[in-house]
Amino acid sequence: MKRHATLLILAAASAIWAAAQGTSYEEFRRGMYERYNNFREGMYERYDEFLAGAWADYEVVAGQKRSTTPKPRTAPRVPDAPALAAPREIRAPGQWSVEPERSGGLDSSDKSDRSDRSDRSDKSDSSDGSVSAAAVPVEFDFYGMALSIPDPGLEIPRTVVDKQDLAARWRSLRQDRKAHGALASLRSLASELKLNDYLTLEMVRAYVGLRHASAGSASRASLAHFLLVGMGYDVRLGITGDRDGVLLVPLKQDVAEHPFLKLDGKKYYLFMDKKLGKADYARTSISTCDVTPDGSLAEVDCALTDLNLPYKPHHYKVDNGTLHIEGDVNANIFPVLRRYPLMQTGDFARSTVQPSVRREIVDQLSAQLKGKPLAQAVDELLKFIQSGFDYATDEEFHGYEKPYFLEENLFYPKNDCEDRAIFYTYMLWNVLGVPNHLIAYPGHESASVVLDELSGGDSYRYDGKRYLISDPTYIGASTGQCMPDYINESPVIDNAY
């Protein structure tokens, strides 16, 4: 099938990135190849020694619930009372949920450093056995999209008996040009689609599951493990008591409601063979290598900076009578994001799915709010979020906990508190330049702003600044009005602009 980007376009994009970092494209490529070759000459060439060595059983830890405090079934409304005039100091944040670098603006998200992903997703050289484009393609489903790569003709055994088989299988794949052809093609496709680490993992699993459907789960897992380690990821191979294969994946973000093992003090999340089903997650123990690799492999990052998926337009329009936004967003991104790992709320806020769509929204709102006093502009933006979206909890609307990336607010007809707060805080900074916090209370996500124009209202002091509560789910509230239930609660900061 035709692709939306060619290798020449990718090379040009990499050159632009390299120039922005103050280095030439050739230096960038040379450094990338050198790192990859050093990696291959080291652990990659002797990984079979780990697989043939000592294995140990590890207990599976059930994924923890993201939140145990229920959200309100309907969005709370301000009672028929005047807005607060006198200043009132409420409890200040006690901590960050996870201490990140503070978020920048739209330019910052567009210029995200892709060096780590580039080093892992484009590690090919002429010795990798790349497959001719004339080869018969193998097509596989990726979240409802038909993707394909040239079929290298690689075959794998139906069964894998024990760890010695796994070690022998690694040696065989390492020496097989067809295996390296598949690896090179998958790396190229991941780069073309701008897949992050997590979606690259999912793409590899989808490819192996379809292309080698007749093989057993341990044999498929062995191949997926080889491909992912070949891409530079610290993915481990595990075997259940029923000799099913499982991938053990160290995610960079803390993820809820997903089982994991602890190896060397680090969480490795279980990714079972797709054909086994979710019920098979409930294992008491998993056996894996009891040897620590040398540390040159990377964790799998779930954060998103952009996606270049095949385009299918979805028209959105949000209007509250005062402000409005309208445009198109790629509908193919939403099945990809629908069951995304349950990261911390701040990780959703710091991710970017479609920078171009965000720019369009920022431009539209900036034009409509231009020239207005800052306090008025903030109030209009707050009311736009409060009344422009319909409210529903995740459990009611989706049947499970589902934080939105900002772009998902443009697709689903209903959202809840964290979705609104993520959208609002981003627009506060990128449209109006207002510093703000994304804050979490038990069962509720809200926001606070630095707005010196307002002297009254509910606020807390943090890092020498006064932050006024500005809640996009408290319907009818103005900046400076905190929900009564949270006046005496100390929030947690999830993100800051």
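**Note on a predicted model: helices, strands and aromatic rings**

1. The axes of helix H11 (residues 355–369) and helix H14 (residues 417–432) come within 9 Å of each other and cross at roughly 65 degrees, where axes are lines fitted to C-alpha atoms, for helices over the stretch in contact, and angles run from 0 to 180 degrees between N-to-C directions. The crossing of H11 and H14 is right-handed, a term used if the near helix is turned clockwise from the far one by less than a right angle. Helices (H or I, at least four residues) and strands (E, at least two) are DSSP runs, numbered from the N terminus.

2. This is a predicted model, in which local features need pLDDT of at least 70 and side-chain atom pairs count only at pLDDT 80 or more, while totals for chains, interfaces and linings use all residues. Residues are numbered from 1 along each chain as its sequence is written, and side-chain values use heavy atoms, with hydrogens and water left out.

3. In the contact of the two helices (heavy atoms within 4.5 Å), Arg358, Ile361, Val362, Leu365, Ser366 and Leu369 of H11 meet Phe423, Tyr426, Met427, Asn430, Val431 and Leu432 of H14. These residues divide into nine nonpolar, two polar and one charged, where Ala, Val, Leu, Ile, Met, Phe, Trp, Tyr, Cys and Pro count as nonpolar, Asp, Glu, Lys and Arg as charged, and the others, Gly among them, as polar.

4. Strand E15 (residues 436–441) has six of its six residues buried, so it is largely enclosed by the rest of the structure; buried means under 20% relative accessible area, exposed over 50%, and partly exposed in between (1.4 Å probe, protein chains only). In a regular strand the side chains alternate between the two faces of the sheet. Both faces of E15 are covered, with Asn436, Leu438 and Ala440 buried on one side and His437, Ile439 and Tyr441 buried on the other.

5. E15 pairs in the antiparallel sense with strand E16 (residues 444–449) over six bridges, and two strands are said to pair if DSSP finds at least two bridges between them. Leu438 has Ala447 as its bridge partner in E16. The two strands form a hairpin with two residues between them, and Gly443 in the turn has a positive phi of about 80 degrees. E15 is also joined by four bridges to strand E19 (residues 492–496), again antiparallel, with His437 opposite Ala496.

6. A separate open sheet has six strands in the order E1-E10-E6-E7-E9-E8, with antiparallel pairing. Its edge strands are E1 (55–59) and E8 (260–263), each of which pairs on one side only. Helix H7 lies across strand E7 (245–249) and E9, running at about 35 degrees to E9.

7. The structure holds 18 aromatic pairs, where rings of Phe, Tyr and Trp (its six-membered ring) pair if their centres lie within 6.5 Å, and planes under 30 degrees apart count as stacked, over 60 as edge-to-face and the rest as tilted. The rings of Tyr198 and Phe271 have centres 6.3 Å apart and planes at 55 degrees, so the pair is tilted. Tyr198 lies in H7 (residues 197–211) and Phe271 in E9 (residues 266–272), so the pair ties together parts that are 73 residues apart in sequence. Tyr198 counts as buried at 5% relative accessibility, and Phe271 counts as buried at 4%. Tyr198 and Phe271 form one aromatic cluster with Tyr340, Phe348 and Phe405.
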